[in-house]
Amino acid sequence: MSGASASVSRIFAIFAKEVVQMRRDRLTFGMMFAIPILQLILFGFAINSDPKNLPTAVHVEEKTPIVRTLLQALETSGYYRLVMETSDPRQSSELLAQGKVAFVISIPSGFTERLIRGDRPQIFVEADASDPAASSNAVAQAEAIFTRALRHELRGSLHGLAPEPGPFELVVHARYNPEGVTQYNIVPGLLGVILTMTLVMITGMAMTREAERGTMENLLAMPVKPSEVMVGKIAPYVAVGAVQTLVVLLTARYLFSVPFVGSLWLLLLGVSVFVVANLAVGFTFSTIAKSQMQAMQLTFFFFLPSLLLSGFMFPFRGMPDWAQAIGEALPLTHFLRIVRGVMLKGASFEDLQGEILAMVAFVAVAVSIAMLRYRRTLD
Amino acid sequence: MTEFAIDVRGLVKRFGDKTAVNGVDIQMPEGEVWGFLGPNGSGKTTTIRMICGLLHVSEGEGSCLGFDINREVDKIKRSTGYMTQKFSFWSDLTIRENLEFVARLYEQPSLKESVDATLAKLGLTKRQGQLAGALSGGWKQRLALAAVTMHHPRLLLLDEPTAGVDPQARRDFWDEIHHLSTEGLTVLVSTHYMDEAERCDKIVYLANGEVITRGRVNDIIATSGLVTFRGEGDHVRALSKALKEKPGVEHVSYFGAALHVSGSNSALIKEAIGGVNSHGVQWREVKPSLEDAFIALMARAGADQRLHA
């Protein structure tokens, strides 16, 4: 074997050693599969960006059929769950402050009479808006709920009081996820989050573990090249990434019934590049960090912006320009567009080639840094 | 191509503003067994690491097995076996897996045969499935030696290979070293044990990153110019404190019930012995031990024994 080219035997030596070590390290091995399942369950079942059934207190000073209709409409909308009635405005304030209810809806006495007179009486909705995401949808729906209920109720002689339709009709066509099911957006995104978190962390340990256990000196004393070490150490985790992908896709399909309208092969191409990108980042971290602890910290430095700025947690286009610029530099951002594009929109290769190329460029940069940073001596 | 296995001149290694090795020359002929001695922190490990390409050389040049130590590190690594001071094989791999790993890295042609042969030679065939981390110190050392010689290197660099190993295992180890040496292997061993140093063809003694002395054991003792008297008798050990304060006494040490008093001036030593109340003690001149010689050398070189790795 000549000195210049990489050796299959040496790459296989590293690969086989990593596989055995990975298998024996029960904790890490368990983590690689427990984390995805845990995240799927937590994010998939627990998180809802369109929260419903929010506890609501009502403060009504009269009980006419119209008022009853309005309250019933609130409940049937699904957003509000009427949990108590209060008679004291101060008490309703306390309930909000204590967090016992998210809304207090007050209908003053004389409401029905003034309504019939055409006086435009008021309904007060007090919302706990400390978490805008929790209250905004319900608040936005409130007027429509009441309007619809009244249109139904105000007939015959009262017809003139019914709300007028607007001068034009707005037709909204919510495509790709018409029911607005949060899981359809979250679960495919989770594939990217899970791969980022586990793969970067595991490969981050790759070289630092050798350094901490004192086996680095032995490895460096043997004629193995940086590129051989990198390929040999990364390869086993490509398989781990493949298994994780399979777990998430099966869960998406059978547990969350997420639609899959695009090409599976296109998605797998995107996943492959994305997996390599994360492994390259992890390996780069492990050439920079001096200990496993440092590698872990670097992983979090990478994971946090990935989670927050990629469009997984918050809408990408809603972020300021500088945050979008950082987001564009992260592979998760591009992968999310691919996975959501393929699964929900049926995007084609032409639609997504820019995203794939961006990840390829990312891999090239990460590998270059890793090769520059790889220490061939103990200096 | 030189006839020297190791031929390095003016090796210097600095870590920041600290100089660990300061101008070391070594010309070691092929096929010999050399001992590398010196106190902790004297630069032994650093020198070995520079020779096998594990550390960049700050200054100096030379070759190892005919390959330039600054430019042909990969070639040096392929023909050298380096056994680290601390056990550095993979504790979570079995004995067999460790050997297989090494055999693959050195691209051994018949993997199974060479691993089987090594296991048989070690007497570890039955325990090949045991994790390397579970082995005792002596066995770890044997495994390490087997692993670093599997690819038939031409040069062995052993860094304190017998530290913490029992006497029987040490003896077996040295038998193996001499056996390998008769097959033409060149061996450089660093050690703290004097009996091991005496098993070497030549010795290089390092202190504070510099070579203090080198040569055959007998020559080193002879050129140390040391005179040693051995005292035997009741209460001889009680004299040690008084003797140490006498002029001309460089070194006093216990040898069981006996006392060795050394210095470079024979007359002063004799005067010192006569000057202490030593009735019932028999004094006679003996050949200084290598240890006596080294301690004297070190005292003269002003070598400090502080640890600075």
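In the predicted model, F36(B) stands opposite V204(B), a residue of strand β9(B). This pair belongs to a parallel arrangement: strand β3 (residues 33-37) of chain B and β9(B) are joined over four bridges. Strand β9 spans residues 202-207 of chain B, and five of its six residues are buried. Strand β9(B) is therefore largely enclosed by the rest of the structure.

Strand β9(B) also pairs with strand β10 (residues 210-215) of chain B. Here the sense is antiparallel, and the pairing runs over five bridges. Within it, I203(B) stands opposite G215(B) in β10(B).

Strand β4 (residues 59-64) of chain B is joined to β5(B) by two bridges, with the strands running antiparallel. C64(B) has F67(B), in β5(B), as its bridge partner.

Attention now turns to the interface between the chains. Contacts involve 22 residues of chain B and 23 residues of chain A. On the side of chain B that touches chain A, the elements giving two or more residues are α2 (73-79) and α3 (95-105) of chain B. The residues on this side of chain B comprise nine nonpolar, three polar and 10 charged.

Chain A has 14 helices and four strands. Its radius of gyration is 28 Å, well over the 21 Å that the globule rule gives for 379 residues, so chain A is more spread out than a compact globule. The C-alpha atoms of chain A fill a box of roughly 100 × 45 × 40 Å along the principal axes. Chain A is divided into domain 1 (8-47 + 180-373) and domain 2 (54-161). The C-alpha centres of these two domains of chain A lie 48 Å apart. Of the 379 residues in chain A, 34% are buried. Among contacts in chain A between residues at least 6 apart in sequence, 79% join residues at least 24 apart.

Notes: Residues are numbered from 1 along each chain as its sequence is written. Chains are lettered from A and ligands numbered from 1 in the order in which they are written. This is a predicted model: local features need pLDDT of at least 70, side-chain atom pairs count only at pLDDT 80 or more; totals for chains, interfaces and linings use all residues. Domain bounds come from an automatic or database domain assignment. Two residues are in contact if their C-beta atoms, placed from the backbone, lie within 7 Å. Ala, Val, Leu, Ile, Met, Phe, Trp, Tyr, Cys and Pro count as nonpolar, Asp, Glu, Lys and Arg as charged, and the others, Gly among them, as polar. The radius of gyration is taken over C-alpha atoms; the globule rule is 2.2 Å times the number of residues to the power 0.38. A residue is buried if 20 or more other C-beta atoms lie within 10 Å of its own, exposed if 12 or fewer, and partly exposed in between; C-beta atoms are placed from the backbone. Two strands pair if DSSP finds at least two bridges between them.
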